[in-house]
Amino acid sequence: GSAYSLLGNIYLKEKNFSRAKAFFEEAIRHELRNNRQEAMVSDYLNLGIIAKKEGDISGALINFREAKRYADEIQNEELILLAEKYIKGIAAKVTDC
C-alpha cells in the first residue's frame with residue numbers, strides 16, 4: 001500500500017481517527033490517479049470502520065459500499081466478500097435499533 005495508507009493504519013491503531021481518516025482520504029486520491037483499485041478497497045473499508053467507530057452508520061455504509069464497488073470492478077472475490085461482510089454488519093446494526 002501507499003505510505004498514506006500505512007500512516008492511516010498507524011493512526012487507526014492509535015485510535016486517532018481524524019488523522020487516520022485524513023491519511024486514508026489522501027491515499028484514495030493518489031490511488032485513484034494511479035488506477036490502484038485493490039488498495040482503494042482497503043482504504044474505503046478502513047474509512048468505513050472509522051465511521052462505524054465514530055457512530056456514523058450512514059458514513060460507514062457509504063464507505064463499505066464504495067469498497068464493494070471497487071472490489072466488483074476488479075472482480076476480487078475475497079475483497080467482495082469482505083466488503084459484503086461489513087455491509088451486512090451495518091445492516092444488522094440498523095435493524096437492531
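Modeller: Helices here are DSSP runs of H or I, at least four residues long, and they are numbered from the N terminus. With that in place, N35 sits in the loop between α2 and α3. Keep in mind that this is a predicted model.

Biologist: Fine, let's stay there. What makes N35 count as exposed?

Modeller: Exposed takes a relative accessible area over 50%. N35 comes out at 56%, so it counts as exposed.

Biologist: And what is its phi, given that N35 is not a glycine?

Modeller: N35 has a positive phi of about 55 degrees.

Biologist: Let's turn to K15. Where is K15 placed?

Modeller: K15 is in the loop between α1 and α2, just after α1. Its phi is near 65 degrees, again a positive value in a residue other than glycine.

Biologist: Why is K15 called exposed?

Modeller: Its relative accessible area is 61%, and the cut-off for exposed is over 50%. K15 therefore qualifies as exposed.

Biologist: Now the helices on either side of that loop. How do α1 and α2 pack?

Modeller: Helix α1 covers residues 3–13 and helix α2 residues 17–33. Their axes are 8 Å apart and meet at an angle of about 160 degrees.

Biologist: How do you know whether to call α1 roughly parallel or roughly antiparallel to α2?

Modeller: Angles over 145 degrees count as roughly antiparallel. The angle is about 160 degrees, so α1 is roughly antiparallel to α2. The crossing of the two is left-handed.

Biologist: Which residues of α1 and α2 meet?

Modeller: From α1, the list is Y4, S5, L7, G8, N9, Y11 and L12. Facing them in α2 are F17, R19, A20, F23, F24, E26, A27, H30 and E31. By type, this contact holds 9 nonpolar, 4 polar and 3 charged residues.

Biologist: What makes you say that the buried residues of α1 are on the same side or on opposite sides?

Modeller: The buried ones are S5, G8, Y11 and L12. They cover an arc of only 125 degrees around the axis, which puts them on the same side of α1. A3, L6 and K13, on the other side of α1, are exposed.

Biologist: What do the buried residues of α1 pack against?

Modeller: They pack against both α2 and α3.

Biologist: Take F24. Why is F24 called buried?

Modeller: Buried means under 20% relative accessible area. F24 has 0%, so it is buried. F24 belongs to helix α2. Leaving aside residues up to four places away in sequence, it touches S5, G8, N9, L12, D43, N46, L47 and I50.

Biologist: How far is the C-alpha atom of F24 from that of R69?

Modeller: Those two C-alpha atoms are separated by 17 Å, and the residues are 45 apart along the chain.

Biologist: On to α3 and α4. How do they pack?

Modeller: Helix α4 runs over residues 57–74, and α3 packs on it at an angle of about 165 degrees, with the axes 7 Å apart.

Biologist: And how do you know which way α3 and α4 run relative to each other, parallel or antiparallel?

Modeller: Set the angle of about 165 degrees against the limit, over 145, for roughly antiparallel. The two helices are therefore roughly antiparallel to each other. Their crossing is left-handed. The contact has 13 nonpolar, 4 polar and 4 charged residues.

Biologist: What makes A51 buried?

Modeller: A51 has a relative accessible area of 7%, and buried means under 20%. So A51 is buried. It lies in helix α3, residues 37–53, and is one of the α3 residues that meet α4. Not counting residues up to four places away in sequence, A51 touches D56, G59 and A60.

Biologist: Which residues does A83 touch?

Modeller: L45, F64, A67 and K68, again not counting residues up to four places away in sequence.

Definitions and conventions. Residues numbered from 1 in each chain as written. Predicted model: local features only at pLDDT ≥ 70, side-chain atom pairs only at ≥ 80, totals over all residues. Heavy atoms only, no water. Axes fitted to C-alpha atoms, helices over the stretch in contact; angles between N-to-C directions. Parallel < 35°, antiparallel > 145°, perpendicular 65-115°, else oblique. Left-handed = near helix turned anticlockwise from the far one by under 90°. Contact = heavy atoms within 4.5 Å. Nonpolar A, V, L, I, M, F, W, Y, C, P; charged D, E, K, R; others polar. Buried < 20%, exposed > 50% of the residue type's maximum accessible area, 1.4 Å probe, protein only. Arc of directions from axis to C-beta.
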